[in-house]
Amino acid sequence: MTYAIRNLTVADGNAIHLDGLDVELPASGVVTVIGRTLSGKTTFLKVLAGLQAVRSGSLVRDGVDLLNIPAWKRRVGMVYQQFVNYPHLNVRDNIVFPLRRAGCTPSEIEAKLTYVSDLLGLRPYLDRRPAELSGGQQQRVALARALVKDTDFLLLDEPLVNLDYKLREQLRDEFRRIFRDSRDRLVVYATTEPAEAMILQGHIIILHEGKVIQTGDYRDVFHYPANTIAAQVFNDPPMNLLEGEIAGGRMILGPSFETPLPAHFSTLAPDRYTFGLRATDLALGGDFSAVVALAEVNGSLTVLHLDLDGRNLVLEEEGVHLFQPGDRIGFTPDSARFYAFDATTGTLIAAPPRRSVSGQKD
Amino acid sequence: MPRLFRIIKTAAILGWSAFVIAPFLWALTTSFKTANGVTAGPTYLPYVDYEPSLAAWKGLFGSGAGSIDIVQPFAASMIVTLSASAISLILGTLAAYGLSRFVYKAGPIGNNDLTFFFVSQRIMPPVVLAIPFFLMLGFFGLLDTILGLVIVYIALLLPIAVWVMVDFFNNIPRELDETAMIDGCTPIETFWRVILPNSLPGLVVAGIFCIVFGWNDFFFAFTLTFTETQLLPVAIVSLNSSVTPWWSLSASALVSVAPLIVVAFLVERYLEKGSLAGARK
């Protein structure tokens with residue numbers, strides 16, 4: 001049993017939010033919808049929830065078009081990027097609100113309240129109003145309300161965006177644990193962050209400007225980005241893209257940046273290509289030199305934005321390295337990790353071979 | 001320096017309070033005077049400056065020269081103001097929710113035009129409406145009746161209620177409605193169970209506006225009634241004859257202001273609270 005989405009178009013006047021989506025969703029498991037801001041993620045989730053009118057298309061499960069079912073009958077839970085709770089109710093009443101509307105018995109309500117408030121650590125706050133809680137706690141209340149009822153699917157629209165870094169990491173891990181327990185429902189998780197998609201380990205849908213760019217298992221999407229857009233959206237920092245060419249058995253990426261042709265490109269014809277390389281596959285030190293345009297230290301990572309003959313390159317290195325803008329540094333690309341995309345259409349032509357999997361996400 | 005600031009602040013507050021309260025005190029003291037007490041130059045303290053008299057207050061509930069029966073106009077004003085305000089608040093809140101949340105479109109006319117149409121009723125000077133109202137009430141035989149005044153006051157108060165509530169609803173995040181629907185509420189249940197309980201401050205403000213505007217109206221109460229029905233403002237003005245009875249006017253003015261003071265004290269605490277905090281960060 002799956003959800004079949006066909007030719008789904010959402011538009012407001014001339015502004016097209018979703019442009020003829022054709023995609024299948026499994027009946028259970030985690031689906032991560034990833035895309036930049038304004039790519040149509042929120043609209044997509046609202047269509048699933050029944051909160052968004054569509055111009056055309058269908059959303060069929062078991063022969064029933066769910067688009068004909070209003071939101072209040074659709075058996076769905078949703079968590080917003082803003083922390084949406086009922087301000088006039090305390091946490092307990094917030095959580096059981098959907099159960100009361102569904103006509104559950106008091107003992108059922110009590111049991112589910114106990115389960116979900118323990119799951120999310122909300123037990124001590126049940127008598128408080130949402131306004132008296134921290135942002136992370138408010139978002140837990142919203143999540144509790146979405147989890148407490150029997151739903152066919154659970155929609156999360158960038159639920160961690162408005163939380164601070166530490167809470168985000170903590171809730172992210174909790175999400176993974178909670179979603180694993182709910183095998184009988186579909187979780188649709190919208191995010192801009194590839195790291196969240198990788199941690200949730202689900203099926204991936206990459207949205208860009210209202211269109212589906214790529215779908216697939218998270219590992220496949222990571223290793224074989226369908227095109228340059230997918231490569232940028234599904235990597236953080238976005239994959240470096242360099243216009244270049246293959247000529248004379250060498251890969252030429254710029255006036256002072258060329259390497260021998262890596263083995264996995266040996267079958268490629270001499271032509272112009274867009275080459276891609278992850279920031280993590282550039283290492284400090286080596287024969288090539290570039291000027292530091294911007295240096296940032298992010299936790300235990302150093303991210304350098306380099307200026308290489310007027311082109312931008314992003315390099316990410318483990319550990320803290322201090323550089324000033326304007327410093328000239330040496331770097332080395334791991335040429336075995338280069339991707340090649342069609343220079344005009346951006347479609348993936350050649351990808352590096354997958355490393356032997358050893359339980360690591362890479 | 002903070003000390004000096006506090007002194008200045010306190011002085012300013014006291015000064016302003018005196019400015020606001022003085023007319024009421026003046027009316028209060030005048031209401032205990034007689035004709036001689038009023039015309040014999042400024043006097044302030046009863047027993048010290050002048051001999052107080054209850055004549056004016058008795059006159060409000062009696063009959064005879066220089067006196068009126070204030071009970072009936074007071075009751076009429078109460079009925080008209082409260083029922084018109086209540087109906088305006090109910091209709092206005094429903095209309096405002098619709099205008100805030102649903103899209104209406106008829107050719108080039110949309111939600112904002114509808115909202116403006118409501119508010120525009122209050123832009124033109126009331127005198128423009130006097131003749132139409134007079135003719136319409138006359139046609140239905142409602143001139144000089146409580147019902148006629150209630151209908152006219154609804155027309156006057158509804159725009160205020162709509163205006164205040166549209167603005168209020170627009171500031172309630174739409175996600176709250178959406179969450180309610182996802183949690184199993186139909187649109188009407190959403191309004192009733194989630195939006196309305198979170199709209200108390202807005203309802204209080206709109207209610208106060210309606211009551212104050214309705215209670216204070218003189219123009220329509222004057223033009224649309226003759227003898228059978230009399231509202232308080234008209235009754236008070238009608239005290240005025242060749243001699244202005246300042247003592248009776250003062251007493252009746254205090255009576256007419258009393259309900260508003262009660263309302264102000266009752267709702268004060270709702271106005272302070274920003275009880276929407278926490279709906280969305």
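Between the two chains, 26 residues of chain A are in contact with 21 residues of chain B, contact meaning that the C-beta atoms, placed from the backbone, lie within 7 Å. The model is predicted, so that local features need pLDDT of at least 70 and side-chain atom pairs count only at pLDDT 80 or more, while totals for chains, interfaces and linings use all residues. Residues are numbered from 1 along each chain as its sequence is written, and chains are lettered from A in the order in which they are written.

- On the side of chain A that touches chain B, strand 6 (76–79), helix 2 (91–101) and helix 4 (135–147) each supply at least two residues; helices (H or I, at least four residues) and strands (E, at least two) are DSSP runs, numbered from the N terminus.
- By class, this side of chain A has 16 nonpolar, seven polar and three charged residues, where Ala, Val, Leu, Ile, Met, Phe, Trp, Tyr, Cys and Pro count as nonpolar, Asp, Glu, Lys and Arg as charged, and the others, Gly among them, as polar.

**Sheet in chain A**
- Four strands of chain A form an open antiparallel sheet in the order 17-16-15-18, two strands being paired if DSSP finds at least two bridges between them.
- Strand 17 (311–318) and strand 18 (328–333) of chain A are the edge strands, each pairing on one side only.
- Strand 15 (residues 282–298) and strand 16 (residues 301–308) of chain A pair in the antiparallel sense over seven bridges, and A:Asn298 stands opposite A:Leu301 in strand 16 of chain A.

**Domains of chain A**
- Chain A is divided into domain 1 (2–227) and domain 2 (240–350), with bounds that come from an automatic or database domain assignment.
- The centres of domain 1 and domain 2 of chain A, taken over C-alpha atoms, are separated by 37 Å, and the contact takes four residues from each of these domains of chain A.
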